[in-house]
Amino acid sequence: MGDLETEKPLRKIAEAFKELEATINSQAQEVEVASFSHACSLVSPLFGCLGIAFKFAEMDYVAKVRDLVEASKSIDTLQSLLERDIKGNSVRKPGSHTRNLLRVRRGLDMVKILFEQILVTKGGSLKGPASKAYELALAPHHGWTIRKAVAAGMYALPIREQLFNTLNEDESSARLQMQSYVAASATVIMHVDKLFLTRGLGIDW
Ligand code: 1PZ
């Protein structure tokens, strides 16, 4: 609201994920729950640009990110967040921090694939890119009802120019920010996967 920074959501997302990437590539390699959940919260405004049909996706994503923000008040790193749930035998428990982390990670992947698809597409419609991203990142983990609802929502998406407009970008500035996010989020997503896989937790549930 009048804040110059909040008017450039794509840039804020790209910058936050570049910072996470830098942390992962540094000596320490330990990602704080606070900086991770903050970066993830910056993705939420994108939903507003997708129209009412995605309200339920927004509610689910925002609630899970909020849980991670809450967790950051008592847990330092993503690593210790997982370790706690392992000790408490609550990794897969509905609503657990670890489970929410895996769900949020899928949201990040969805946005990454969406941007990749937008970058290689010319037409004005976002239906192709959004469908592809959903199909690869989330559909395998959703039941019939959710998949049908998402498919219906795909018809109510804005067109590419509208989306960039709402985000206060033009084609070329949007491309730059999307490219940054795609590169940085790949590192972040791989890091989260490694946290799960090295502990034998799997990522397919
Ligand atoms: C132009 C872009 C179009 C994007 C279309 C996005 C469609 C996403 C629809 C997701 C619906 C999610 C409904 C709720 C699903 C929950 O059942 C699961 C499991 O949660 P649990 O059992 O652990 O409580 N939640 C999820 O799978 C997390 C979904 C996160 C969605 C993030 C999407 C990010 C897309 C951003 C696009 C800008």
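Four helices, α3 (45-48), α4 (55-71), α6 and α8 (144-153), each supply at least two residues of the shell around the ligand. Helices here are DSSP runs of H or I with at least four residues, numbered from the N terminus. This is a predicted model, where local features need pLDDT of at least 70 and side-chain atom pairs pLDDT 80 or more, while totals for chains, interfaces and linings use all residues. Residues are numbered from 1 along each chain as its sequence is written, and side-chain values use heavy atoms, without hydrogens and water.

Back to the shell. α6 gives the most, with six residues. In total, 21 residues surround the ligand, meaning that a heavy atom of each lies within 4 Å of it. Asp60, Lys64, Arg99, Arg103 and His142 are the closest.

Now the polar contacts, pairs of N or O atoms within 3.5 Å. A polar side-chain atom of Asp60 is 2.8 Å from a ligand nitrogen atom. For Lys64, a side-chain N or O atom is 2.9 Å from an oxygen atom of the ligand. Arg99 has a polar side-chain atom 2.7 Å from a ligand oxygen atom. The protein covers 88% of the 870 Å² of accessible area that the ligand has on its own, by the Shrake-Rupley method with a 1.4 Å probe.

Last, the backbone. Which phi does Asn89 have? Asn89 has a positive phi of about 55 degrees, although it is not a glycine. Asn89 lies in the loop between α5 (78-87) and α6 (97-119). Asn168, also not a glycine, has a positive phi of about 60 degrees, and its place is the loop between α9 (160-166) and α10 (171-197).

Terms used
A polar contact is a pair of N or O atoms within 3.5 Å; within protein, one must be able to donate a hydrogen and the other to accept it, and residues adjacent in sequence count only if both atoms are side-chain atoms.
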